[in-house]
Amino acid sequence: MASRTQYAFLLLSAVMASLFAGSAAGVYHIIGAGKGWRMAPNKTYYADWARTRNISVGDKLMFLYRSGVYNIVEVPTKELFDACSMRNITNRWQNGPTIIELTQPGPRYYFCGVGKHCEEGEKVAINVSVSTPTLPDSDADADDDDDADDSDSSAATPATAADLLIYLAGLAACLLPALLLI
C-alpha cells in the first residue's frame, strides 16, 4: 500500500504535467478568485465575478474545491440553471479541483449540486466568446488608442509562471486536507 507521501508526489506530478502540457494557449480563470468554489458569501457573488471576466474559446476554468464537500454540475439551459435543476445534466465533476477547457463559444451554466448550495448562490453562468480579445499594447491598437484607459485590472491575462505557482498553492490548499485523510 502506498504512503501519503507517495500519493502526494504522484498527484503533484500529474498536476505539473497537465499544467505544462496545456499551458501554451488560453487563460486560466479561477472560479471565484480567492474564495474558490464554495458556498458563496451572497447570492450574486459568482455572477459578479463572471461579469468582470473576458472568457474565450481555449481558456480554462479552474474550480478549486474539496471532493465530497462540493461538486460541479453543468446544465444546457438558463432555465435549468436558474431553477438549480438536476434534470438533463450535461456534465458532472465530483473530484476537485477540476479544470474545464472551453472548446465551444456560447453560454455555459455551472452550479454545485450538493444540498441547497445552488439555491444559496453557488452557481456561475459564463459566456464564452469566439476569440481572445486583443491586448492593449498590440501594434494595431497603439496608434488609435492614445487616449484609451488601459487600467482595466479585472481583465484576465495569459498564464505566467507566477500564475502557475498561485494555482499550485491553491491546489495544495484544497488537496492537503484530503491527503491527510488517506
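Asp 48 and Arg 51 lie three residues apart in helix 2 (residues 45–51), which means that about one helical turn separates them. In this predicted model, their side chains meet in a salt bridge with an N to O distance of 2.3 Å. Asp 48 is partly exposed, its relative accessible area being 35%, whereas Arg 51 counts as exposed at 61%.

The structure holds three salt bridges. A further one joins Lys 78 to Asp 82, whose closest N and O atoms are 3.0 Å apart. Both residues belong to helix 3 (residues 78–82), where a spacing of four residues corresponds to about one turn of the helix. Lys 78 is partly exposed, with a relative accessible area of 42%, and Asp 82 is likewise partly exposed, at 43%.

Glu 74 pairs with Arg 108 in a salt bridge, the closest N and O atoms lying 2.6 Å apart. This pair links distant parts of the chain, since Glu 74 is in strand 3 (residues 72–75) and Arg 108 is in strand 6 (residues 106–111), 34 residues apart. Glu 74 is buried, with a relative accessible area of 5%; Arg 108 is also buried, at 15%.

Three strands form an open sheet in the order 1-2-5, with mixed pairing. Strand 1 (28–30) and strand 5 (98–101) are the edge strands, each pairing on one side only. From one strand to the next, the twist averages 25 degrees. Strand 2 (residues 60–63) pairs with strand 5 in the antiparallel sense over four bridges. Lys 60 has Glu 101 of strand 5 as its bridge partner.

Definitions and conventions
Residues are numbered from 1 along each chain as its sequence is written. This is a predicted model: local features need pLDDT of at least 70, side-chain atom pairs count only at pLDDT 80 or more; totals for chains, interfaces and linings use all residues. Side-chain values use heavy atoms; hydrogens and water are left out. Two strands pair if DSSP finds at least two bridges between them. Helices (H or I, at least four residues) and strands (E, at least two) are DSSP runs, numbered from the N terminus. Axes are lines fitted to C-alpha atoms, for helices over the stretch in contact, and angles run from 0 to 180 degrees between N-to-C directions. A salt bridge is a side-chain nitrogen of Lys or Arg within 4 Å of a carboxyl oxygen of Asp or Glu. Buried means under 20% relative accessible area, exposed over 50%, partly exposed in between (1.4 Å probe, protein chains only).
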